[in-house]
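Hello,

Here is the structure for your files. My notes on it follow below.

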Amino acid sequence: MIAKINFVDLVPFMANEEKLNEIEEKILDVLNNSLFGMSITEIAKKIDRNRMTVAKYLDIMHAKNLIDFKKVGTSKLWIPRERTLNMNLKMALIIQYFQMYNSAINEYLGNKKYEVNRQIGIKIGENIFEQYFPKAGLKAKKFSDLVQFCAQAMERVYPIPSQIEPKIIDENTAEVIIEPCLCQGKAENNSICEMQTGIIIGLSKHIFDNISIEEKGCMCDGKSYCSYLIKYSP
C-alpha cells in the first residue's frame with residue numbers, strides 16, 4: 001500500500017503551481033503513450049528529471065487521483081487513473097478478443113494447433129526478452145533468479161491483471177503460477193496455455209541451456225489457476 005501523503009511536506013513542490021502543472025502534463029503525456037505503464041526510473045528518464053523529484057510528483061498526482069499503479073514484482077508501474085476506471089470492461093473485451101483469435105487460429109491449424117502455438121509463444125518470449133531485458137550478464141544468474149525473471153517479464157506484458165507467481169521447488173525445479181489465466185478454464189482455449197509455455201521457453205533459453213517447461217496444472221481441469229513446471233538439467 002502506498003504511504004499516506006502529508007501535504008505539508010509537499011508545499012515546496014506545490015508552491016509553483018505553473019511548474020507543477022507543467023510536470024504533471026509531461027508525466028501524463030509519457031504515461032498515455034506507454035502500453036504497459038512505466039516505472040519511476042523510466043518516467044524520470046523520459047522527462048529529464050531526477051528520480052527523487054519524479055517520485056514526489058507521482059505522490060502528488062496519485063493523491064489527486066490523476067494516476068494509479070500496478071505492482072510488478074517489487075516494482076510499481078504507473079498508469080493514468082482513467083485507464084483503471086474501465087479496467088473490468090477492458091479486461092472482458094481483451095479476454096474475448098484473445099479467445100476469438102485463438103479459436104480462429106486453431107481452426108486453421110487443426111491437429112498442429114498445440115505445436116504451432118508453442119512455437120508462436122517461443123517467438124513472443126524472445127521478442128519480450130530482446131525488448132525489455134539486456135543480454136549481458138544474464139548467463140551467470142542462478143536458476144531461482146531465472147524463474148523470478150520469467151515471472152516478472154510475463155507479468156509486465158500480460159494483457160489482463162493477473163498474479164504471476166514463481167515458486168521454487170528445489171535447486172533445479174520450479175513452478176510458475178498464472179492466476180487468472182486467459183484460458184478462463186474453457187477447454188477450447190487450452191492452446192493459449194501452450195502458447196504461454198512457449199513464452200517461458202523463449203524468455204529462459206537466452207539465460208540457461210538445458211531447460212524444459214511443461215504445463216503442470218490448468219484451469220481447464222478445474223484448478224483456480226494455470227501453472228508451468230520448469231526443470232533445469234545442469
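The buried residues of helix 7 are Asn-117, Arg-118, Gly-121, Ile-122, Gly-125, Glu-126, Ile-128 and Phe-129, where buried means under 20% relative accessible area, exposed over 50% and partly exposed in between (1.4 Å probe, protein chains only). An α-helix has 3.6 residues a turn, so residues three or four places apart point the same way.

This is a predicted model, in which local features need pLDDT of at least 70 and side-chain atom pairs count only at pLDDT 80 or more, while totals for chains, interfaces and linings use all residues. Residues are numbered from 1 along each chain as its sequence is written, and side-chain values use heavy atoms, with hydrogens and water left out.

Helix 7 and its partner

Helix 7 has 20 residues and spans 28 Å from its first C-alpha to its last, close to the expected 28 Å; the expected span is 1.5 Å times one less than the number of residues. Helices (H or I, at least four residues) and strands (E, at least two) are DSSP runs, numbered from the N terminus.

The axes of helix 7 (residues 113-132) and helix 8 (residues 143-157) come within 11 Å and cross at roughly 90°. Axes here are lines fitted to C-alpha atoms, for helices over the stretch in contact, and angles run from 0 to 180 degrees between N-to-C directions. Helix 7 and helix 8 are therefore roughly perpendicular to each other (65 to 115 degrees; under 35 is roughly parallel, over 145 roughly antiparallel, and the rest oblique).

On the helix 7 side, Ile-128, Phe-129 and Tyr-132 meet Phe-149, Ala-153, Arg-156 and Val-157 of helix 8, a contact being heavy atoms within 4.5 Å. By class, this contact has six nonpolar residues, no polar ones and one charged. Ala, Val, Leu, Ile, Met, Phe, Trp, Tyr, Cys and Pro count as nonpolar, Asp, Glu, Lys and Arg as charged, and the others, Gly among them, as polar.

The loop between strand 4 and helix 9

Cys-181 is placed in the loop between strand 4 (173-179) and helix 9 (190-204). Cys-181 counts as buried because its relative accessibility is 1%. Leaving out residues up to four places away in sequence, Cys-181 touches Tyr-158, Cys-193, Gln-196, Met-219 and Cys-226. Cys-181 and Gln-163 are 18 residues apart in sequence and 9.2 Å apart in space, C-alpha to C-alpha. Pro-180 lies in the loop between strand 4 and helix 9 as well, and the peptide bond from Glu-179 to Pro-180 is cis, with omega near -5°.

Other local points

Asp-68 lies in strand 1 (residues 67-72) and is buried, with a relative accessible area of 17%. The side chains of Asp-68 and Arg-81 are joined by a polar contact of 2.7 Å. A polar contact is a pair of N or O atoms within 3.5 Å; within protein, one must be able to donate a hydrogen and the other to accept it, and residues adjacent in sequence count only if both atoms are side-chain atoms.

Asp-48, in the loop between helix 3 (40-47) and helix 4 (51-63), has a positive phi of about 60° although it is not a glycine. At 65% relative accessibility, Asp-48 is exposed. Asn-65, in the loop between helix 4 and strand 1, has a positive phi of about 60° and is not a glycine; Asn-65 is exposed at 52% relative accessibility.

The chain overall

The protein chain has nine helices and six strands. Of its 234 residues, 41% count as buried.

Regards
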